Amino acid sequence: MGFLEKPSKGLAKILYWVAGAGIVSMMLLTCADIILRFGVTVYHEYHWQFFSHFRPIPGTYELVCFLGSVAVAFAMAHTSVEQGHVAVSIVVSLFPKRVQAVIETITTLFGLILFILLSWQSVLYAGDLLRRGEVSPTLQLPFYPFVYGIGFASAAVCLVLLVDLSKCLPEVFRK
Amino acid sequence: MSVTTIGIIGLIVLVILLFSNMPVGFVMGFLGFLGFSYVVNLHAGLCLLARDVFEVFSSYGLTVIPLFVFMGQIAFYSGISRRLYDSAYVLVGSRRGGLAMATVAACAGFSAISGSTNATAATMGTVTLPEMKRYKYDMSLATGTVAAAGSLGILIPPSVIFIVYGILTEQSIGKLFAAGILPGILLSILFLLTIYLRVLKNPSLAPAGPKTTLKEKIKSFMGIIETLILFALVMGGIFFGIFTPTEAAAAGAFFTILMAVIRRQLTWPSFVQSLADTTRISCMVMVIVTGAVVFGHFMAVTRLPYDLATWVSGLPLPNWAIMSVVILVYLFGGCFMDALAMIMLTIPIFFPVSQALGYDPIWFGVVIVLITEMGVITPPVGVNVYVVSGVAKDVPLEDIFRGVLPMLAALLVCNILLLIFPQIALFLPGLMR
């Protein structure tokens with residue numbers, strides 16, 4: 001499984017930067033909306049012509065939600081690569097190395113099952129949303145691409161976990 | 001087997017798996033899915049998984065987390081923490097124990113822009129520990145101070161814990177933020193008092209620093225102005241209902257970047273680094289929250305939390321005794337677990353109990369945040385202590401824990417005061433529109 005290590009890390013990193021871009025976009029979009037909304041208020045109060053064309057950005061709420069889902073989902077794989085998820089290691093670290101490897105293999109397997117299911121179900125759910133033509137209320141943006149995004153991002157986590165598994169499994173059988 | 005029994009088994013397996021070094025969010029998601037599928041059916045469980053994940057990831061309320069984390073990271077990389085400490089240092093550094101007091105003040109200040117204990121402890125540790133070492137402070141006192149005062153990060157708003165607590169229990173995040181301010185100030189004062197008393201008893205712990213002139217003092221005030229402006233913008237905006245918390249966080253992050261760029265204190269590499277940290281931290285938080293939501297749904301179908309709440313509220317015990325047991329559970333759990341994970345795990349179970357006992361949900365939020373603050377500095381898993389020990393590699397872990405002990409007493413006093421006078425937390429939220 002070693003051959004998967006490089007591509008999975010590479011993919012995780014690319015997705016990570018997409019997630020980062022999502023956060024920056026969320027910030028910029030929300031700030032632009034606040035400023036434009038402020039302009040509207042000023043125009044109504046003081047009738048300054050400069051602000052007459054200011055309008056809040058329609059659908060900011062929806063866009064921020066969608067960007068939020070990208071920001072989290074696409075960061076999952078790289079956060080796993082960097083062991084960035086909170087875990088309680090204090091008890092496991094007391095066991096001998098072999099036992100630690102056994103526990104790690106089992107828990108990685110559980111994680112893998114979870115993300116395989118999540119990836120599969122997200123794809124099904126997205127297909128369902130696509131068929132039903134569900135869209136956001138203001139901008140009429142379809143939901144399904146973002147759910148597919150979660151499915152894809154979860155598949156990337158599976159790759160990372162698979163590589164982890166390939167590393168801890170040999171430790172179990174080491175003589 | 002009754003559904004309640006399944007719920008109890010689920011909880012026991014959860015506790016076992018939590019100690020297996022499996023990521024906390026994964027454990028809760030996995031068991032939540034298994035349990036829900038067992039109680040309802042497999043198809044429902046599979047559907048629940050995809051739906052819960054999409055709903056949490058795209059929740060508007062939770063988008064506030066990456067934005068506040070971003071604000072704190074930019075503040076760190078652009079040196080706001082350094083300037084805060086410098087100001088506090090010039091103001092009180094010449095007194096005995098002054099540098100440690102300055103550390104508490106700077107931590108409180110940094111907490112006003114950062115929402116996590118680890119970030120506050122790590123940030124202030126790198127800034128303040130070398131200084132205290134230079135002035136021959138007892139390193140146990142110095143490291144203990146940073147670890148304890150760093151825990152203010154989750155009490156003084158913005159606070160990641162208040163955000164997720166607010167969302168899971170459907171409380172106003174603005175009110176929770178407001179509720180954290182006075183207890184945060186009270187706790188800071190208690191920390192200062194603890195240092196003062198320790199140094200009074202043993203002056204060699206913390207020798208006096210160099211004297212500063214009035215001019216320097218006035219000049220140093222500039223260092224806290226930006227933090228004050230940021231805090232006023234963010235909290236003022238939420239408090240007066242001008243911004244939603246997400247908008248306040250976005251404006252705060254943007255303003256922090258703007259100020260750092262104007263002061264030429266933010267380079268491209270440090271911007272990229274702060275974004276990378278933000279992405280990782282937010283993902284970590286959101287994965288835990290998502291896991292907790294899935295697990296919470298499993299708990300809900302077993303009706304365990306409600307049964308427990310009904311049972312507990314029917315016990316022939318006074319409310320404060322039940323509350324004390326709840327607090328003990330948090331304290332004990334907090335010793336082993338990260339603050340956020342601990343709160344996420346227990347809210348589905350203890351929140352209904354606190355409601356059945358008739359406690360104010362906002363007040364309850366502040367109380368459990370205060371208790372988990374104790375958790376992050378108590379052995380064996382005092383996360384903050386490990387963070388500080390990562391910064392001060394030459395100080396043995398036992399010394400840091402020893403330095404933390406007197407601060408724990410301050411936290412305990414603060415907690416007791418809050419139990420006796422709930423108004424300390426509830427006064428400010430009561431003023432909100």
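The residues concerned are Ala321(B), Ile322(B), Met323(B), Val326(B), Ile327(B), Tyr330(B), Gly333(B) and Gly334(B). Helix 16 itself (residues 319–334) comprises 16 residues and reaches 22 Å from first to last C-alpha, close to the 22 Å expected at 1.5 Å a residue, the expected span being 1.5 Å times one less than the number of residues. The structure is a predicted model, in which local features need pLDDT of at least 70 and side-chain atom pairs count only at pLDDT 80 or more, whereas totals for chains, interfaces and linings use all residues. Residues are numbered from 1 along each chain as its sequence is written, chains are lettered from A and ligands numbered from 1 in the order in which they are written, and side-chain values use heavy atoms, with hydrogens and water left out.

In helix 21 (residues 423–431), the buried positions are Ile424(B), Ala425(B), Leu426(B), Leu428(B) and Pro429(B). Within helix 10 of chain B lies Ser188(B), which is buried because its relative accessible area is 9%; residues up to four places away in sequence being set aside, Ser188(B) touches Val104(B), Ala108(B), Leu152(B) and Ile156(B). Helix 2 of chain B (residues 24–39) has end C-alpha atoms 22 Å apart, in agreement with the 22 Å that its 16 residues should span at 1.5 Å a residue. Since 13 of those 16 residues are buried, helix 2 of chain B is largely enclosed by the rest of the structure.

In chain A, the axes of helix 1 (residues 5–46) and helix 5 (residues 144–173) come within 10 Å and cross at roughly 145°, axes being lines fitted to C-alpha atoms, for helices over the stretch in contact, with angles running from 0 to 180 degrees between N-to-C directions. The contact involves Glu5(A), Ser8(A), Leu11(A) and Leu15(A) of helix 1, together with Phe152(A), Ala153(A), Ala156(A), Leu159(A), Val160(A), Val163(A) and Lys167(A) of helix 5. These residues divide into eight nonpolar, one polar and two charged, where Ala, Val, Leu, Ile, Met, Phe, Trp, Tyr, Cys and Pro count as nonpolar, Asp, Glu, Lys and Arg as charged, and the others, Gly among them, as polar.

Between the chains, 55 residues of chain B are in contact with 55 residues of chain A. The two chains bury about 4,700 Å² between them, 83% of it on carbon and sulfur atoms, buried area being the accessible area (1.4 Å probe) that two parts lose on being put together, summed over both. Phe26(B), Phe54(B) and Phe57(B) supply 15% of the area that chain B buries against chain A, more than any other three residues.

Phe26(B) is also among the contacts of Ser80(A), which, apart from neighbours within four places in sequence, meets His85(A), Val157(A) and Val160(A) as well. Ser80(A) is placed in helix 3 of chain A and is buried, as its relative accessible area is 7%. Although Ser80(A) and Val160(A) are 80 residues apart in sequence, their C-alpha atoms are 7.2 Å apart in space. His85(A), in the loop between helix 3 and helix 4 of chain A, counts as buried at 12% relative accessibility. Beyond residues up to four places away in sequence, His85(A) touches residues of both chains, including Met76(A), Thr79(A), Pro23(B) and Cys283(B).

Several backbone features were also noted. Most residues other than glycine have a negative phi, and most peptide bonds are trans. Gln83(A), which is not a glycine, has a positive phi of about 55° and counts as exposed at 62% relative accessibility. Arg303(B) likewise has a positive phi, near 60°, and is partly exposed, with a relative accessible area of 45%. The peptide bond from Pro157(B) to Pro158(B) is cis, with omega near -5°, and Pro158(B) lies in the loop between helix 8 (139–150) and helix 9 (160–169) of chain B.

Note on methods. Buried means under 20% relative accessible area, exposed over 50%, partly exposed in between (1.4 Å probe, protein chains only). Helices (H or I, at least four residues) and strands (E, at least two) are DSSP runs, numbered from the N terminus. Contact means heavy atoms within 4.5 Å.
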